[in-house]
Amino acid sequence: MSCPACALVSRPPRGADAGRCPRCDEPLAFRAANSIQRTWAFLIAAAICYVPANLLPVLTTTTPQGSESDTILQGVVLLWSPTGWPLSLIVLVASIMIPSAKILALAYLLLSVQRGWVANPGSRTRAYRIVELIGRWSMVDVFVDTFTAALVQLKPLMAVEPAPGLAFFAAVVVLTMLAVEAFDPRLIWDAIPAEERHA
């Protein structure tokens, strides 16, 4: 069993409970407590926040001609040009495709565990690892938007301010990261017969 704090792998005595880590004294557990319930809670909250994150403007640009607020998708369309399409594509993938893919992938993993699916446990574990890896980079878009808002302050000529959609988008990123942390991937293998796990 792996310690959640220091990652030391240890084996508890046969028939004993999990006990504590011999290196850092962290309490050990064979499975994370209430993993499915906590993951669903974070995931549902993220799915709810995902709607206003895409419907509300994320940035408001103020110029002498007036103010203009743009949603994520409007930003993608505005950036699309012969020279700006790579940035437009990055925003599209990082802000729309990856968050929705993370929510769908975690929902799939949760349903597969709750329904006791035995097919492709290795593929599902890899899917979890990919979602976990991507989650570390999900804050890039929030960082770019807030950095832009802080940098572009050329008052009275031009100013960029964060809009309510950015807060919801940040909430989606944080909640999906918490959902990934709450999910215990060992649950994927619980439905597999012991002899097949060690085959």
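Two residues are in contact when their heavy atoms lie within 4.5 Å. Keep that cut-off in mind for the tour. In the protein chain, among contacts between residues at least 6 apart in sequence, 61% join residues at least 24 apart.

**Before you start**

This is a predicted model: local features need pLDDT of at least 70, side-chain atom pairs count only at pLDDT 80 or more, and totals for chains, interfaces and linings use all residues. Residues are numbered from 1 along each chain as its sequence is written, and side-chain values use heavy atoms, with hydrogens and water left out.

**Stop 1: the whole chain**

Show the protein chain as a cartoon. Helices (H or I, at least four residues) and strands (E, at least two) are DSSP runs, numbered from the N terminus. Follow the sequence and the pattern reads α-β-β-α-α-α-α-β-β-α-α.

The protein chain exposes about 12,000 Å², an area from the Shrake-Rupley method with a 1.4 Å probe. Carbon and sulfur atoms supply 67% of that area. Of the 199 residues, 35% count as buried. Buried means under 20% relative accessible area, exposed over 50%, and partly exposed in between (1.4 Å probe, protein chains only).

**Stop 2: the segment before α1**

Select D25, which lies in the segment before α1 (35-55). Its phi is near 65°, a positive value in a residue other than glycine. At 45% relative accessibility, D25 is partly exposed.

Move to N34, also in the segment before α1. The phi of N34 is near 50°, again positive in a residue other than glycine. N34 is exposed, with a relative accessible area of 51%.

**Stop 3: T62 in strand β1**

Select T62 in strand β1 (residues 59-63). T62 is partly exposed, at 30% relative accessible area. T62 and A159 are 97 residues apart in sequence, and their C-alpha atoms are 5.1 Å apart in space.

**Stop 4: α2 against α3**

Select helix α2 (residues 72-79) and helix α3 (residues 85-114). Their axes come within 8 Å and cross at roughly 165°. Axes are lines fitted to C-alpha atoms, for helices over the stretch in contact, and angles run from 0 to 180 degrees between N-to-C directions. α2 and α3 are therefore roughly antiparallel to each other, a term for angles over 145 degrees. Their crossing is left-handed: the near helix is turned anticlockwise from the far one by less than a right angle.

Show the side chains. I72, L73, V76 and L79 in α2 meet W85, L87, S88, V91, L92, S95 and I96 in α3. By class, this contact of α2 with α3 has nine nonpolar, two polar and no charged residues. Ala, Val, Leu, Ile, Met, Phe, Trp, Tyr, Cys and Pro count as nonpolar, Asp, Glu, Lys and Arg as charged, and the others, Gly among them, as polar.

Leaving aside neighbours within four places in sequence, S88 is in contact with V76, L79 and W80.

**Stop 5: α3 against α6**

Which residues meet here, in α3 and in α6? A94, S95, P99, K102, I103 and L106 in α3 meet F169, V172, V173, T176, M177, A179 and V180 in α6. The contact of α3 with α6 divides into ten nonpolar, two polar and one charged.

Notes
Parallel < 35°, antiparallel > 145°, perpendicular 65-115°, else oblique.
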